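Subject: Handover of a structure

Dear colleague,

Please find the structure below, followed by an account of what was found in it. I would be grateful if you could read the two side by side.

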Amino acid sequence: MVHLLKQRSWTTAELARRLEVDQRSVQRYLQDLEDLAPELGYELVSEGNRYSLRGREPTLTPFDLLFFYVTQRFFLHQAPSRHRTFYRRLEELLEHFPSHIRQIAALELERYRARVQKGDRVLEHVFQAWQERRVLEVVYEDFQGRQKRRQLEIWFVEVNRWNLSLYALARIRGSNHTFPSLYKLTRMRDTRVLPDTYEIPPDFDPKSYLGGAWGTSLHTPGTQQVRVRLRFAPGVTRRLKEGDLPEPLEWTPCEGGGLEVVYLVNTDAQGFPFEILGWVLSWGSLVEVLEPESLRKRWAEEVLRLAGRLGQGTGDPPSPGSAQAPSG
């Protein structure tokens, strides 16, 4: 109960349900705690019918709060684990928050608690295997739903900038390929850390594989990177320069206030930069693909297909310079 009351305020009925005791027991505990609280460095505070423990506020810089808060919020939403130990770690992060922030974050964490699963150990095993450089055996399900047991040597773990999911950059043990592939942690099942160990190449640099990724495509032997040139409408040039999008190779101002940018993008085995296509389409009429021609053609096909669904198809691909900012 001390642990709960440090997080946020509770009614006696809420505490009784959470602790699985009757309300009279909670009331007795509160009476005892009123005497004990000063020895713990806290004060039992009663506000209406709600109770909490109030102590000295943590001493934090704004950057400390940023790291603790973002870590707690990120893993609350994104972590591919519902293990009770992981839940306790999220609770511990609350201790670093000022009380007014802690109370709000604790309410969110209560909703997470209902989904805790005792046997979910994927996240634990992935990081244990990476930490100890031991082989991780998993049942992995690809994007087509096919499952296969694999033994992975984890070289790096990445947070994807687009969907914020966790991926392991890992090599299949015993494979003829000397380079790694990406494996999404939420597609892993039945994980087991093996006693076998491995070495990460001393010259390994994640950027050499992930530098041109717009999703999970890697720059590996047999694939290439291509220059993608895009022209954006004047209305979004400020958005492009806010700093949270990949840094382009080139920026070229256009007449009228638009902007041409060039990105170096990883491709599939056929040399097509398929992952950037979805991002380009998300800009709608505010962007035009200039090169490579294969991407421009595919982009135009998607635009015309959408227009056709609305009964407004023109039959011709958009011409250069046709992207316009909305009048509003």
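This is a predicted model: local features need pLDDT of at least 70, side-chain atom pairs count only at pLDDT 80 or more; totals for chains, interfaces and linings use all residues.

I begin with helix α10, which spans residues 274-281 and has E275, I276, L277, W279 and V280 as buried residues. Buried here means under 20% relative accessible area, exposed means over 50%, and partly exposed lies in between, with a 1.4 Å probe and protein chains only. The buried residues of α10 pack against β9 (225-232), β11 (259-266), β12 (287-291) and α11 (293-309). Helices (H or I, at least four residues) and strands (E, at least two) are DSSP runs, numbered from the N terminus.

Residues are numbered from 1 along each chain as its sequence is written, and side-chain values use heavy atoms, with hydrogens and water left out.

Between β12 and α11 lies a loop that holds P292. The peptide bond joining E291 and P292 is cis, with omega at about 5°.

For the protein chain as a whole, the secondary structure amounts to 11 helices and 12 strands. Its radius of gyration is 26 Å, whereas a compact globule of 328 residues would have a value near 20 Å; the radius is taken over C-alpha atoms, and the globule rule is 2.2 Å times the number of residues to the power 0.38. Along the principal axes, the C-alpha atoms fill a box of roughly 80 × 60 × 40 Å. Of the 328 residues, 41% are buried. Among contacts with a separation of 6 or more, 60% come from residues 24 or more positions apart.

Two strands pair if DSSP finds at least two bridges between them; β2 and β3 (residues 50-55) are joined by 6. V45 has S52 in β3 as its bridge partner, and L44 has L53. The hairpin of β2 and β3 has 2 residues between the strands, and G48 takes a positive phi near 70° there.

Which residues other than glycine have a positive phi? E20 is one of them, with phi near 60°. E20 sits in the loop between α2 (12-19) and α3 (23-40), and its relative accessibility of 72% makes E20 exposed. R133 is another non-glycine residue with a positive phi, of about 50°. R133 belongs to the loop between α7 (122-132) and β4 (134-141), and is partly exposed, with a relative accessible area of 39%.

Finally, Q7 is part of helix α1 (residues 2-7). Why does Q7 count as buried? Its relative accessibility is 3%. Leaving aside residues up to four places away in sequence, Q7 touches E91, L94, R102, Q103 and A106.

Yours sincerely

Technical notes:
Contact means heavy atoms within 4.5 Å.
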